Amino acid sequence: MSNAIMPYITRVISSDNLKNIKRSVYKCRRYLKGDSPTLDIFLRIDDPYSYLLVQVIEPFLARFNVQANFHTVLELQPDMFPAMDMWHEYAGHDAGHLAKLYKLVFPIEHTVVKDREILEAATTLLLKAESNSDFIHVAKEVFNQVWHGHFNIDPNATPLNKSSFFDHLKSNQALLAKKGHYFGAMINFESEWYWGLDRLDHLETRLIKQGLATHKDIKVEFNLTYKDFCNQTLSPALEAEIDKTKPLTIYWSARSPYSYIGLERAVKLSEHYKIPLIIKPVLPMMMRGMNVPTVKKMYIFLDTKREAQKLGLPYGYVADPLGPAVERCYALLSYARNHNKLQDFLLSFARAVNTQGIRAETDTGMKIIIERCGLNWETASSHINNTYWKKEVNDNLKEMYQQGCWGVPSFCYDGNIFWGQDRIGMIEQLIINKG
């Protein structure tokens with residue numbers, strides 16, 4: 001597809017009008033068939049986010065007039081997880097932070113469950129319970145036992161029918177793929193996806209707007225990662241407690257839409273608490289040999305739209321900078337830094353390619369980006385084809401990997417590493433000594 005046309009296509013795909021039309025079609029279809037609003041919930045026994053979701057799903061369902069179909073999955077698609085071992089290790093630590101925030105149960109010393117026999121035995125119990133009314137009770141018990149190391153395979157249990165087991169599992173996996181996803185802890189409601197605790201707020205909002213709450217006073221509850229972000233009143237006592245010498249570091253990609261949101265929020269956090277912000281660009285995943293399948297790119301695109309909208313940020317008029325535009329951006333890192341304009345330049349770039357459809361691979365587009373952040377285009381253009389940036393960007397990537405993260409945006413503060421723009425609220429708690 002032509003680079004000139006792409007921004008207009010993305011603006012239509014991410015528009016509220018198209019989203020509302022789709023929702024109306026699904027709602028009308030449901031009414032005509034006489035069906036009840038139904039959530040399809042996909043859980044995986046070795047997924048920490050599924051464990052957290054299992055703990056909250058029963059009270060969540062009690063708040064809304066919806067039904068739930070549960071689907072157990074086990075296999076992961078390797079092409080969706082370019083650093084699977086690192087993901088597993090990080091996800092456990094991350095789930096621990098979420099559990100603390102929402103007062104849920106999660107093992108302090110978590111261990112990634114890898115024993116295939118245990119995973120299959122536990123998954124079998126979940127598969128058997130899917131059609132029963134007590135599925136949530138069974139799931140909570142099984143997840144608790146597996147994640148706390150107490151799961152024992154019953155020697156008297158009926159031997160596992162491998163054929164039946166894998167047929168059922170494959171059917172669930174196929175349904176997940178058919179509906180357009182690849183992850184555990186996923187909820188699908190009429191074509192839209194909601195991941196774990198982090199996206200339940202979007203589902204809550206949608207169900208409330210569609211009149212599906214059990215009573216009129218129902219409000220969004222799963223908003224603790226962003227609800228009071230930078231709303232903390234800085235009393236003299238609190239300000240005195242904040243260590244303004246500790247920097248916030250963000251590992252950032254010029255192509256990542258989540259990096260765009262992450263940079264906006266990092267700047268806001270830095271300015272609010274008057275702490276230094278260090279921006280460390282890295283190459284986008286696709287420019288370092290990692291595959292990002294189309295279904296994953298589409299989910300990220302639409303998810304970024306709703307996350308940005310929730311946070312009061314524009315998004316959707318996108319001119320994908322993959323390739324030359326990213327290289328031109330990084331070629332100007334030193335120039336912008338030498339003029340104390342690095343943050344302004346990267347904000348200008350991120351806003352241009354994510355919200356204004358400006359094509360940074362063209363001189364016309366880059367001139368706009370450069371001049372509106374107070375830099376000189378004529379001078380900048382003399383630097384735009386240099387390759388000195390490659391060492392800096394590669395060093396940043398190695399440093400990010402060493403800290404246990406592979407994707408962007410990743411944040412580091414006072415020895416703590418977080419992946420994803422969703423987690424910057426947790427960094428705020430560390431800053432004000434409430435972490």
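## Basis of the model

The model is predicted, so that local features need pLDDT of at least 70 and side-chain atom pairs count only at pLDDT 80 or more, whereas totals for chains, interfaces and linings use all residues. Residues are numbered from 1 along each chain as its sequence is written, and side-chain values use heavy atoms, with hydrogens and water left out.

The parallel pairing is that of β1 and β2, over 7 bridges, and here L39 stands opposite A68 in β2. Strand β1 (residues 38-44) pairs with β3 in the antiparallel sense over 3 bridges, with I41 opposite I187 in β3. β3 and β4 are also antiparallel, over 4 bridges, and M186 has W195 in β4 as its bridge partner.

Buried means under 20% relative accessible area, exposed over 50%, and partly exposed in between (1.4 Å probe, protein chains only).

T72 lies in strand β2 (residues 67-73) and counts as buried because its relative accessibility is 0%. Leaving aside residues up to four places away in sequence, T72 touches L43, T123, L126, L127, E130, F135, L169 and N172, where contact means heavy atoms within 4.5 Å.

## Backbone features in the loops

A185, in the loop between α7 (162-179) and β3, has a positive phi of about 60° although it is not a glycine, and A185 is buried with a relative accessible area of 0%. E190, in the loop between β3 and β4, likewise takes a positive phi, near 50°; the hairpin of these strands has 2 residues between them, and E190 is buried at 12% relative accessible area.

A cis peptide bond, with omega about -5°, joins V408 and P409. P409 is found in the loop between α17 (389-402) and β7 (410-413).

## The second largest pocket

A pocket is an open set of points on a 1 Å grid over the protein atoms alone, where a 1.4 Å probe fits, with protein on both sides within 12 Å along at least five of seven lines, and lining residues have an atom within 4 Å of a point. The second largest pocket has a volume of about 770 Å³, a volume being the space filled by probe spheres set on the points, which are joined across faces, edges and corners. Of its 31 lining residues, the closest to the centre are K19, R23, E192, L302 and R306.

Two or more lining residues come from each of α2 (16-33), β4 (192-195), α8 (200-209) and α11 (294-310), and α11 gives the largest share, 9 residues. The lining divides into 9 nonpolar, 9 polar and 13 charged residues, where Ala, Val, Leu, Ile, Met, Phe, Trp, Tyr, Cys and Pro count as nonpolar, Asp, Glu, Lys and Arg as charged, and the others, Gly among them, as polar.

Terms used:
Two strands pair if DSSP finds at least two bridges between them.
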